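Subject: Structure for your review

Dear colleague,

Please find below the structure that I am handing over to you.

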Amino acid sequence: MHSQQVTTDTFDVIIAGCGPTGAMLAAELRLHDLRVLVLEKETEPKSFVRIVSLHIRSIELMAMRGLLDRILEHGRRRPVGGFFAAIAKPAPKDLDSAHAYLLGIPQPVLERLLEEHAIELGVQVRHGCAVAGLEQDDEGVTVELADGERLRSRYLVGCDGGRSTVRKLLGVGFPGEPSRTETLMGEMKVGAPQEEIAAKVAETHRRFQLRPFGEGVYSVVVPAAGVSDRAEPPTLEDFKRQLRAIAGTDFGVHSPRWLSRFGDATRLAERYRVGRVLLAGDAAHIHPPTGGQGLNVGVQDAFNLGWKLAAQIRGWAPETLLDTYQAERQPVAEDVLDNTRAQMELHSTEPGPQAVRRLLTELMDFDEVNRHLIEKITAIGVRYDLGEGPDLLGRRLRDIDVKQGRLYDLLHRGRGLLLDRTERLTVGGWSDRVDHLADATAGLDVPCVLLRPDGHVAWIGDDQQDLDDHLSRWFGEPAG
């Protein structure tokens, strides 16, 4: 036991949890040369292979950091559409993205790729280390591990999931609704032919789902018998029993790859930051997995927080920059919680929700309605409130053509970017933080945009003084 050992090594940031959110955040911080340690309480990767979906915005973020090709090798592209409450509608044409598809990838593979990316950038990862205590002061945070070892860091970020130890130690409230219903979810082989499955699904008003993955393997989702201890994974027999109760047959399910259960608990942290400790991902928000948004929202939290926290530690952050993390991301999470609540209602077999479902199914035949819901779920509709201005202000910019190739290829280093079609502006004393591309041919219908490191538009215009004001607002004082 290291009863009172304090490591003399001081880190800039310690991250609790090496899931997708923690690994992505660690990599973002390393782009700014910070000393980062990730503590992961599990010693082994997850044994079950769950397929997760990266939505359009997350795919774009991977492209922005040069990670997409590596991830595409291990994933399967699927069309965008049919995932708002599993109402089957094709995606509208010409979605505003160069990456308008869904990418299915095994979660352990994605986590491994993101962790490898972080380690390549110089992040230290320690497995089998659980945070047990924390104390913060004006200079930093002392983190105590379960074995008594104490570590010192300037900031701590809890990316340690829905049951976050860091959130509990901070005493941050996590209000919302507990689970009222529970659902079984897994991947397994199915003996019954596709026609029989389709007929039963239609007959029972979609109370369960069997989605083919190829090679006889299906994703199976079915209501559980009741709410139980979530720590106990379900058995194949549980799936068979529930399928027989609802569909009248168990479809000959066998050879499960993984089995799990989830509730419909929906909660949002009251605060994302207390002093030098912050929360991201499931530690800050939990909701049912309908629509497949959870992992995506966490990764997007990490992209929003990374450069801001780095700026704070590097000493150039404007005074309120770190506060914009909660101001921007908490409303996004609120919206995700609301849309998953709505989707869960639409899965109910009660006559009222079924009537609303039929009405929404009709409304989604209108292109604008379908587009709005898909942009909501895939997060390309997110617009941060950056004040008055054109609609593009506060939104992410799609991956457009520029004279050097593609826009996102210029964002790999996690810096700001001035995309200047007038070819007469300058980033001046901010050139250590902001790149400048003068390109009259860029595929933009505005003169110039200033992009933050997360790809969101911070300014639109053509006036140097106005630009300098906005460079100060987002990137601090110019270098002397």
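**Findings**

D33 lies in the loop that runs between α1 (20-30) and β2 (36-40). Helices (H or I, at least four residues) and strands (E, at least two) are DSSP runs, numbered from the N terminus. This is a predicted model, in which local features need pLDDT of at least 70 and side-chain atom pairs count only at pLDDT 80 or more, while totals for chains, interfaces and linings use all residues. Residues are numbered from 1 along each chain as its sequence is written, and side-chain values use heavy atoms, with hydrogens and water left out.

D33 is exposed, with a relative accessible area of 51%; here buried means under 20% relative accessible area, exposed over 50%, and partly exposed in between (1.4 Å probe, protein chains only). A86 also has a positive phi, near 60 degrees, and is likewise a residue other than glycine. The loop that holds A86 is the one between β4 (76-78) and β5 (102-106). A86 is buried, its relative accessible area being 14%.

**The chain as a whole**

The chain contains 12 helices and 24 strands. Its radius of gyration is 23 Å, close to the 23 Å that the globule rule gives for 480 residues, so the chain is as compact as a globular protein of that length. That radius is taken over C-alpha atoms, and the globule rule is 2.2 Å times the number of residues to the power 0.38. Along the principal axes, the C-alpha trace spans about 75 × 60 × 40 Å.

Of the 480 residues, 55% are buried. Among contacts (heavy atoms within 4.5 Å) between residues at least 6 apart in sequence, 71% join residues at least 24 apart.

**Nonpolar cores**

A nonpolar core is a set of buried Ala, Val, Leu, Ile, Met, Phe, Trp, Tyr and Cys residues joined through side-chain atoms within 4.5 Å. The largest such core has 115 residues, and those with the most contacts inside it are I15, V157, L309 and L419. Helix α8 (residues 294-314) supplies the largest share of this core, 10 residues. A second, separate core has 19 residues, including A192, L210, V220 and F251.

Which residues does L419 contact, leaving aside its neighbours within four places in sequence? They are L397, I400, V402, L407, L437, A442, L444, P447, C448 and V449.

Helix α2 (residues 56-64) is mostly covered, as nine of its nine residues are buried. After α2 comes G66, with a positive phi near 75 degrees.

Strand β9 (residues 150-158) contains G158. G158 is buried, with a relative accessible area of 0%. Not counting residues up to four places away in sequence, G158 touches A16, V166, L278, L279, A280 and A283. Between G158 and T181 there are 23 residues of separation in sequence and 28 Å in space, C-alpha to C-alpha.

Yours sincerely
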